[in-house]
Structures are given as structure tokens and as C-alpha cells.
Amino acid sequence: MTYYIILFTGIIQGKGRVREISSSDRRSVLYIEVDLGICAEGLEQGHSVAINGVCLTVVDMHDTHCTFELIQETVQTTGLGSLNVGDDVNIERSIRVGDKIEGHFVLGHVDGTGIIDDIQRNPGEVSISIRIPETLSMHIVRKGSIAIDGISLTVTDIQDNVVQVSLIPHTINVTNFSTRKVGDSVNIETDILGKYALKRYNIQV
């Protein structure tokens, strides 16, 4: 039996646009069709793609339009269930042997969602504060890594249940953060290394 490990780095490769959202009468699932543009090159049915940081499988495709199936767990845990037709989403293809790892190890297994609490635009950077569930706070440390909507970022500060990150203009321009605003929900994946450390020392969260 062949076993595959799907990994991402949190380096967004482009933005896609939601073209269609549908549901199934036979099963409690949701289908989203996304135009991946140039990110669809070489993609085939069965391949994995991170959409806003969520690892999804291509179940159908036509040209650059790919359809993904979302089970209820994914809909309930992530913000994908609140997407609308026309929304921009972040895209990252899974890494291959030999690819550069310039972000951090991201699994595409979202831990929960946060709410953008504040956006401060400063010269050369945009500082964003995100209110997160209390259950995720213990997994996050200052100067540690975090994936927000699939974007690999460094935590600049964390106070109580509010985590702060800074994005450079390039990151804003190439991701869906170009249209994000206060009150928006974002997907959060904490660093896998922190999760293993907590388990190693039997720390309950």
C-alpha cells in the first residue's frame, strides 16, 4: 500500500475565484468550484490543493475550474462554508520532493476560525489583530509560526486570545487579504510542532 503525506508551506501561489457553490441531496456535503487560473497547470483529479489553508481534493475539473467536495467536518471547522460566489481564495499546491520550503510545515488541517479584530496600516506593513478561540491560544507563541487562511506568518504578539501578525505589501497584494476587513472570519492552523510538544509533556488544552 502506498502512503502519501500531503504538506504545504504557507507560501501562497495565487488567488482563485469561487465560481459555483452547490450541495448534494444524497449526502451532507458541499461542493465548491474554483477557478485556479495558472495554478491549475498540471493539476489532475485526486490531487490536493490548499484553499484558504484547507487541504482539499480535486474531485472534478474542466480547464482551470476545479471542483472540491467539503464534508460537514470541514464546513463546521473552517470558514469555507461561508464562502460566496465571486469570493477570492488563497491557493497553494502541495509541495513535492525537491521543492523549497520557505514558510513552515503546514498540513492544511485547520484548527478553527478567528475574527479580524483590528487592521493597522503602517509604512511598509499592515498589522492585523485576530481574536481566536481560547482553546488555540496555548498552541501559539510570540515569534512562532501560524497559518492564517493558509498564509505562513510569524506571530508578532499574543495577548489573551488576540494574536497579532504583520503582512508586507507583497503578501497583501497576492492573497485574499487585499479585500479582508475587520469582522471577517479567517482559518487558523497552529504550528504542528507546538501540538506535539504539548502532547509530549501531557499538557491539556
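Me: Over how many bridges do strand β1 and strand β2 pair?
Reply: This is a predicted model, in which local features need pLDDT of at least 70, side-chain atom pairs count only at pLDDT 80 or more, and totals for chains, interfaces and linings use all residues. Residues are numbered from 1 along each chain as its sequence is written, and side-chain values use heavy atoms, leaving out hydrogens and water. Strands are DSSP runs of E, at least two residues, numbered from the N terminus; β1 spans residues 14–23 and β2 residues 30–35. They pair (DSSP finds at least two bridges) in the antiparallel sense, and the bridges number six.

Me: Which residue stands opposite I119 in β8?
Reply: Strand β8 covers residues 125–131 and is joined to β7 by seven bridges, running antiparallel. The two form a hairpin with two residues between them, and G124 in the turn has a positive phi of about 85 degrees. Within β8, the residue opposite I119 is I128.

Me: Over how many bridges do β7 and β12 pair?
Reply: β7 (residues 112–122) and β12 (residues 185–190) are antiparallel. I115 stands opposite S185 in β12. The number of bridges between β7 and β12 is four.
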